[in-house]
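Q: Hey, can you walk me through this one? I'd like to look at some side chains and then the ligand.
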Amino acid sequence: MPALSPTLTEITGGGSDGWEVFMRAREMIAAGTPVTELTIGEHDIRTDPIILDAMHASACGGHTGYAMVPGIAALRREVAQRVQERTGVPTGPENVMITPGGQSALFASHLATCPKGKKALFIDPYYATYPGTLRAVGAIATPIEADAKGGFQPRAADIEVQAEGATSLLINSPNNPTGVVYTRNTLDGIAEVCKRRDLWLISDEVYDTQIWEGVHISPRALPDMAERTLVIGSMSKSHAMTGSRVGWIVGPRTAIEHLINLATHTTYGVAGFVQDAALFALEQGPALEAEIAAPFKRRRALTVNILAEQNVVKMISADGAMYVMLDIRATGLSGEAFANRLLDEHHIAVMPGESFGRAAAGHLRVAMTIEDTAYAAALRALCAFAAALCE
Ligand SMILES: Cc1ncc(COP(=O)(O)O)c(C=O)c1O
């Protein structure tokens with residue numbers, strides 16, 4: 001076989017991909033051992049049948065041919081209106097491109113803003129695909145640690161240190177894996193660095209409908225940021241449509257025009273019947289979004305109550321998203337060692353913090369993605385296991 005391009009072969013960076021506990025859990029399940037899985041960011045409900053009905057009607061109505069590459073006009077309009085209503089930033093369809101999911105939007109946004117060999121900054125702890133996505137466009141993926149001591153809020157001064165030679169900064173709030181929502185103060189600091197150092201800000205807001213405390217602030221709405229911000233959105237988490245692969249990029253008109261050229265030469269758009277279903281789902285308004293977010297809000301409250309019963313495992317203030325980050329450093333084990341033993345000894349699978357970068361070492365990410373009773377039982381077992389380690 002002729003050599004493959006290093007751009008492809010170096011996407012994973014060669015090291016561990018951090019999914020070992022998850023893979024082992026899946027192997028145990030395949031071998032017949034029941035495992036409680038709190039690993040993956042996927043709802044325990046399926047896409048609402050009313051959305052599927054809209055998809056079916058669209059496909060049967062003939063919307064199965066090529067769809068407009070930037071997205072169907074009505075969906076671009078709907079997304080623009082949603083963004084404008086929620087952020088106050090004037091936004092039209094010309095500021096929106098529909099993509100096959102948020103992941104594809106992340107890739108396209110970095111291709112748009114990071115010339116080969118330039119630094120692309122991102123915050124550690126990070127969503128597992130970030131470093132690989134940045135490497136896939138030929139950028140030098142450069143993490144900036146936001147540590148547990150600072151509540152996993154990134155500090156502008158740390159970004160400034162890495163800004164030389166960088167063209168973009170990727171942030172994610174509400175955050176996967178920590179559940180932290182960036183404060184106004186954090187975002188103001190980030191915006192100032194981006195303006196001072198002429199950086200693009202890529203703001204991954206795929207969890208914007210899952211806010212338990214405080215408010216979601218889109219940094220695109222901060223002064224003079226709309227011209228240097230690309231917002232990543234997705235129907236995956238807000239509408240339990242992970243498999244439909246539909247998301248978007250919101251940004252300056254010129255950037256969107258060039259991104260449409262990229263889509264023409266890569267994805268060639270998103271299936272028309274999927275876009276019609278997404279439009280129907282968005283038209284249902286915030287009530288449907290709240291209904292889909294409700295189980296996580298409930299389980300987050302459950303988590304707070306269960307953790308209050310003990311004092312070994314500490315919870316990082318999780319103000320949004322479908323995860324909680326637990327500090328298990330009091331046990332003396334690394335996140336990896338703890339997660340592996342929890343899987344072997346109690347058949348509960350959680351993600352080690354180390355899977356998401358250096359800053360989350362000694363932590364666990366727990367996805368609140370199983371029904372309440374089983375979730376509470378697993379969490380209590382996790383806390384009891386941690387307590388036993390400290391005896
Ligand atoms: C922070 C974050 N960004 C982006 C994505 C990608 O989502 P999708 O491609 O399903 O829209 C995910 C998925 O888990 C995520 O957690």
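Q: Is Tyr268 buried, partly exposed or exposed?
A: This is a predicted model. In it, Tyr268 is partly exposed, because its relative accessible area is 41%, and the cut-offs for that class are 20% and 50%.

Q: And what about Tyr66, buried or exposed?
A: Tyr66 is exposed, with a relative accessible area of 77%.

Q: How many aromatic pairs are there?
A: There are six aromatic pairs in the structure. One of them joins Tyr66 and Tyr268 edge-to-face, with 5.4 Å centre to centre and 70° between the planes.

Q: Where do those two sit in the chain?
A: Tyr66 is in the loop between α3 and α4, while Tyr268 is in the loop between α10 and α11. They are 202 residues apart, so the pair links distant parts of the chain.

Q: Why do Phe122 and Tyr126 count as edge-to-face?
A: Their planes are at 70°, and edge-to-face means over 60 degrees. The ring centres are 5.2 Å apart. Phe122 is buried at 3% relative accessible area, and Tyr126 is buried too, at 15%.

Q: OK, new topic: which residues come nearest to the ligand?
A: Out of 15 residues around the ligand, the nearest are Gly102, Asp204, Ser234, Ser236 and Arg245. A side-chain N or O atom of Ser234 is 2.6 Å from a ligand oxygen. For Arg245, a polar side-chain atom lies 2.7 Å from an oxygen of the ligand.

Q: How much of the ligand's accessible area does the protein cover?
A: The protein covers 93% of the 400 Å² that the ligand has on its own.

Q: Which element gives the largest share of the shell?
A: That's α5, with four residues.

Note on methods: Residues numbered from 1 in each chain as written. Predicted model: local features only at pLDDT ≥ 70, side-chain atom pairs only at ≥ 80, totals over all residues. Heavy atoms only, no water. Phe/Tyr/Trp six-rings, centres within 6.5 Å; stacked < 30°, edge-to-face > 60°. Buried < 20%, exposed > 50% of the residue type's maximum accessible area, 1.4 Å probe, protein only. Near = heavy atom within 4 Å. Polar contact = N/O pair within 3.5 Å; in protein donor to acceptor, adjacent residues only side chain to side chain. Areas by Shrake-Rupley, 256 points an atom, 1.4 Å probe, with all protein chains shown as cover.
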